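Thanks for coming, everyone. I'd like to walk you through one structure today. Here it is.

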Amino acid sequence: MDHLTGRQRRTALVALALGGVAIGLTEFVAMGLLPDMARDLLPDAWARSREDAVARTGWVITAYALGVVAGAPLIAALSARMPRKRLVVALLVLFTAGTVASAVAPTFGLVLVARFVAALPHGAYFGAAGLLAATLMGPGSEARGFATVLGGLTLSNVAGVPLITLAGQSAGWRVAYLAIAAVFLLALFAVLATVPEVPMAAGASVAAELRALRRPQVWLVALTAAIGFAGFFAVDSYIAPVTTEVTGLSSGLVPWVLVAVGLGMTVGNAAGGWFADRNLHRSTLVSFGSVIVAIVIFALSAGSPVGLFVSSFLVGAASLSLGPALQARLITVAPGAQLMGAAVNQSAMNLANSLGAALGGLVIARGYGYLAPAWTGVALAVVGVALAATSFALDRQPVADLAAGASGRR
């Protein structure tokens with residue numbers, strides 16, 4: 001990559017991040033358009049009970065999450081010997097096709113299938129594009145490479161998701177998804193035009209990628225991400241009722257609270273990538289500690305408007321500072337299977353989404369109030385930091401065992 005000018009390098013990184021923007025749009029826009037989708041796709045259920053229709057339509061979000069979980073390791077294994085740029089291009093083609101299919105599918109069942117298919121390349125894209133970005137940035141930049149691509153997703157939450165949601169509410173949800181498909185297509189052409197070919201890693205193979213799944217540390221770090229990061233989703237999933245029912249603000253201010261979260265995510269993601277490349281262990285533990293502190297501040301201060309906006313920013317920043325560290329950690333514990341390590345992290349993040357939202361909803365249903373998910377998030381983050389510390393301790397275990405064995409021989 002030494003032959004590239006600084007401008008060429010930056011342009012290629014922007015192209016890869018643009019794919020992350022499109023992924024953020026296709027993943028999060030549905031949350032603001034569920035009523036519109038329910039009214040169009042389930043008219044009979046909508047006529048009987050709007051709440052029931054919206055709840056059933058929520059399966060489009062679940063279908064996407066399941067597609068990420070299933071597709072990430074599968075595509076990582078099958079594409080082990082494919083050059084990274086070619087893989088990224090193929091994934092963007094699949095994204096575009098799946099998103100167009102989501103927009104034109106005539107029935108609710110076919111929309112579910114289309115959302116599942118559209119999600120299949122999600123994890124593999126962040127893995128392959130993140131590895132490409134790291135190569136473009138040079139040795140020792142793995143976490144920042146992934147942070148660059150993930151930064152596209154966080155930026156989409158600041159402006160893209162609110163704008164596309166507004167367009168969908170006024171012109172129809174299908175138009176919103178066609179607009180998202182256009183962003184994927186733009187990212188596809190940008191990658192083709194700006195990203196250089198990168199040689200495959202030495203020894204890359206399907207067998208090597210699959211062997212990563214036999215490593216206990218891979219599953220332990222994935223569990224750390226799935227449980228520890230669920231604390232963020234426990235809070236973020238119920239920002240809207242906290243804003244209206246706890247803080248007492250109008251529903252029109254909910255998007256602005258989400259913008260505060262998105263700004264925090266953007267700042268935290270950039271800082272986390274820089275920190276993780278310098279000291280991965282310390283970055284992981286400090287970020288987990290920051291998540292715990294930020295969620296506690298949210299739980300204690302969200303009753304006031306200023307407290308809500310400031311603490312929402314802090315929760316987004318602290319949580320996303322953890323993202324690059326967990327991504328880099330999974331690659332570290334899966335030597336020779338970088339794509340699988342990166343893809344498994346995306347599967348774990350989507351499990352975190354489901355787990356955090358489900359547990360948050362459970363404590364609300366039990367009558368503990370809309371701030372109860374925040375305390376649930378604190379508990380999840382505490383479990384996450386404990387799992388991370390355990391994983392780091394296991395890294396040192398072989399050395400300790402060797403020293404003990406040497407002492408016994410003496």
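Start with aspartate 36. It counts as buried, at 14% relative accessibility. Buried here means under 20% relative accessible area, exposed means over 50%, and partly exposed lies in between, using a 1.4 Å probe and protein chains only.

A word on the source. This is a predicted model, where local features need pLDDT of at least 70, side-chain atom pairs count only at pLDDT 80 or more, and totals for chains, interfaces and linings use all residues. Residues are numbered from 1 along each chain as its sequence is written, and side-chain values use heavy atoms, with hydrogens and water left out.

Back to aspartate 36. Which side chain does aspartate 36 meet in a salt bridge? That of arginine 39, at 3.2 Å, N to O. By salt bridge I mean a side-chain nitrogen of Lys or Arg within 4 Å of a carboxyl oxygen of Asp or Glu. Both residues sit in helix 1, three residues apart, about one turn of the helix. Helices are DSSP runs of H or I with at least four residues, strands are runs of E with at least two, and both are numbered from the N terminus. Arginine 39 is partly exposed, at 41% relative accessibility.

How many salt bridges does a search of the whole structure find? Three.

Next, arginine 174 and aspartate 40. Their side chains meet at 3.3 Å, N to O, in a salt bridge. This pair links distant parts of the chain: arginine 174 is in helix 9 (residues 173-194), aspartate 40 is in helix 1, and 134 residues separate them. Arginine 174 is partly exposed at 24%. Aspartate 40 is partly exposed too, at 38%.

Now arginine 329 and aspartate 395. In this salt bridge the closest N and O atoms are 2.7 Å apart. Arginine 329 is in helix 16 (residues 305-332) and aspartate 395 in helix 18 (residues 372-409), so the pair ties together parts 66 residues apart in sequence. Arginine 329 is buried, at 4%. Aspartate 395 is partly exposed, at 32%.

On to the nonpolar core. That term means a set of buried Ala, Val, Leu, Ile, Met, Phe, Trp, Tyr and Cys residues joined through side-chain atoms within 4.5 Å. The largest one has 115 residues, and Leu16 is among those that touch the most other members. Helix 1 (residues 6-41) gives the most to this core, with 15 residues.

What does leucine 16 touch? Its contacts (heavy atoms within 4.5 Å) include Val88, Tyr125 and Val195, leaving out residues up to four places away in sequence.
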